[in-house]
Amino acid sequence: MPLVNGGKIADDSFVKLAVDTPLPEGGDILVPAERFLGEADALLKRTGKVGVIWPNNRDIAELVPYLGKIAAVALVFPSFRDGRAYSQARLLRERYNYRGELRATGQVLRDQFVFMLRAGFDSFEVKKQADAEAFMQTAKRYSVFYQPTGDGRITALHRRMQLRHSEGVGT
Amino acid sequence: MYAYDEIDRTLVNERVSEFRDQVQRRLSGELTEDEFKMLRLQNGVYLQLHAYMFRVAIPYGTLASNQLRALAHVARKYDRGYGHFTTRQNVQFNWIKLSDLPDALADLAEVGIHAMQTSGNNMRNVTSDQWAGVAPGEIEDPRIWSELIRQHTTLHPEFSFLPRKFKIAITASDHDRAAIKVHDIGLRLIRNEKGETGFEVLVGGGLGRTPFIGKTIKHFVHGRDLLSYIEAILRVYNQYGRRDNIYKARIKILVHELGIEKFSREVEEEWEQIRYSSLQIDDEVIEDIRSRFIYPSYEKLPHMPDELRQAAADPEFEAWRKNSVAAHKNPGYSIVTISLKPIGAPPGDATAEQMDALADLADKYSFGEIRVGHEQNLALPHVAKRDLPALWKALDKLGLATPNVNLITDIIACPGLDYCSLANARSIPIAQELTRRFANHELANLIGRLHINISGCINACGHHHVGHIGILGVEKNGEEVYQITIGGRADENAALGNLIGPGVKFDEVADVIEDIVEAYLALRERPEELFVDTVKRLGVEPFKERVYATR
């Protein structure tokens, strides 16, 4: 499954651990939430980055005490129709000011890239190779956005206000 | 009406080109039907019994004449020459080809119409009072706020994959024509003691297999906080709404399971966090939206012009005027409802020719504006009273002057088993038969206001729960059986109807309705007592007795 990071297909430095996989010596690891919360101190002491795989039905606020210490949060779309992780992503970015890697995992498809980018995801485990290759092109599909989110894109309402004020000058 | 600016136009065009790409990927097999299904639904495309069905949004029910012509064009070029107006201010085309859809959308985009989110588990078309902006006594035009919400809910990055569909309706009049109490969020525009605009917010109303009347979650949300408050409700729903069972996924179930107090606490907590964010709306933003609504320049015209006085001698004109013409906030003008319920025809259908002709009449008599109401009728919102006789003649020629608005033959019905893949029973033929039984205008007038709503399955697209008489088609042992309720209503006193007894067969339905109506005529205290009030006073029992005594 190709990973898109920073807008490009990239190598994935993280290895995903199951609940019971022995801990590797070094290297970057993505750990399920349950295991992470149980072994956080030990996990964070080792060399290599630590990321957490957070299920979409668990309160993301539980992760807040660790946000400064982890390198990645992987949120889950069990199906692309299940939109709970969009709310978790926005809370992480906009309420808890999380600045590390925010990864979309699960059924990640081309037609949701724009929504995911707007919600704050910056890394994508894309289901299909063709979708991963089309990432940049798809991300540019829209130039108008009606809602303010943490991605900083200017909203339609805001742009109208700018137009109003610039038109107002000299008239 | 609202005029799109370059920003709105760009977004709609970007959406069309995205959908064109999606259709192309589906046709080439790159997208599976499972993946494509949600994408097409979000553009209003259903797969029905015989063909694809295409649902186009008419936000808050306001149409310009060129937009109505574009709908006529789609009906003619891509469909079978007619369209069907629905209970949520949408229009549906029933015979469209998948490969034609991107072109149809592109044609509509040219006049600022789209089909975004007319289906799928996202925020649907925002509906409002079809008399918004012209109704006497209205607090202010609710469409300004509807448009604000329309924009905010379009392609929302967080709430495009909700547990289930989500519908918002707004009214700003005492008499609720937008059925806000049976919506996921219902908004009643009010003013506080300082004269500031705000909203009573209702949540958790809805029909379907588990009907609920919406509950007030907050008595006053200031206009500037409207978007943040809606966002808070949606965020709670997106996270906690059930996704394990499609029939329990609507917000009404979440509100019911948590209880309104707990649900409102959750919303309140979330709202406090986002209330003072960029979601806060300042007056300038509202003014900007208001500035793109075009209002007619009314002339000062007489309340009782000679034309109207002379036409009063014609009983047919008078019958129509008394039935279909309503008071306008400007005394020289009227609101004219156009019945799409001719005797013997499917409710809510209009042909391409009728749409084109209506667009012309709107240009001539209504400042180019047409409205669509949830009762599946249209309206011309600004007709000078002196023009009423001429307009009536023109409508009559088009078969659009049936004087049955709000009467027993003004039936709301879903497409039913004639079109819909979910239906268990036929709806349209029941409606057709009933209109024939009550075709006599004198009789219908004698009966007075009486709403019959028909659904062909438990999903309740025909709003049977809130019909004064509700008819629900179900399937029992391979046969169509109809359950009949009475006493429902969808207005400010919204209530769910009560079942009168065991279901009846297809060919008995019209007889049963006749019995109910006869019972009402015998039981009402005086001619002004509406059917629904008689039911309220006496309960179901006397009607039940009448219907089942001889069966």
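B:Asn477 is exposed, with 5 other C-beta atoms within 10 Å. The model is predicted: local features need pLDDT of at least 70, side-chain atom pairs count only at pLDDT 80 or more, and totals for chains, interfaces and linings use all residues. Residues are numbered from 1 along each chain as its sequence is written, while chains are lettered from A and ligands numbered from 1 in the order in which they are written.

B:Asn477 sits in the loop between β18 (469-476) and β19 (479-486) of chain B. Helices (H or I, at least four residues) and strands (E, at least two) are DSSP runs, numbered from the N terminus. The phi of B:Asn477 is positive, about 50°, although the residue is not a glycine. Most residues other than glycine have a negative phi.

B:Phe367 also has a positive phi, near 50°. Its loop joins α12 (352-365) and β14 (369-372) of chain B. B:Phe367 is buried, with 21 other C-beta atoms within 10 Å.

Chain B also meets chain A. In all, 31 residues of chain B are in contact (C-beta atoms, placed from the backbone, within 7 Å) with 28 residues of chain A. On the chain B side, α1 (6-27), α2 (33-41), α5 (143-153), α6 (226-240) and α9 (283-291) each supply at least two residues. The largest share, six residues, comes from α1(B). This side of chain B divides into 10 nonpolar, 12 polar and nine charged residues. Ala, Val, Leu, Ile, Met, Phe, Trp, Tyr, Cys and Pro count as nonpolar, Asp, Glu, Lys and Arg as charged, and the others, Gly among them, as polar.

Methods:
Buried ≥ 20, exposed ≤ 12 C-beta atoms within 10 Å, placed from the backbone. Contact = placed C-beta atoms within 7 Å.
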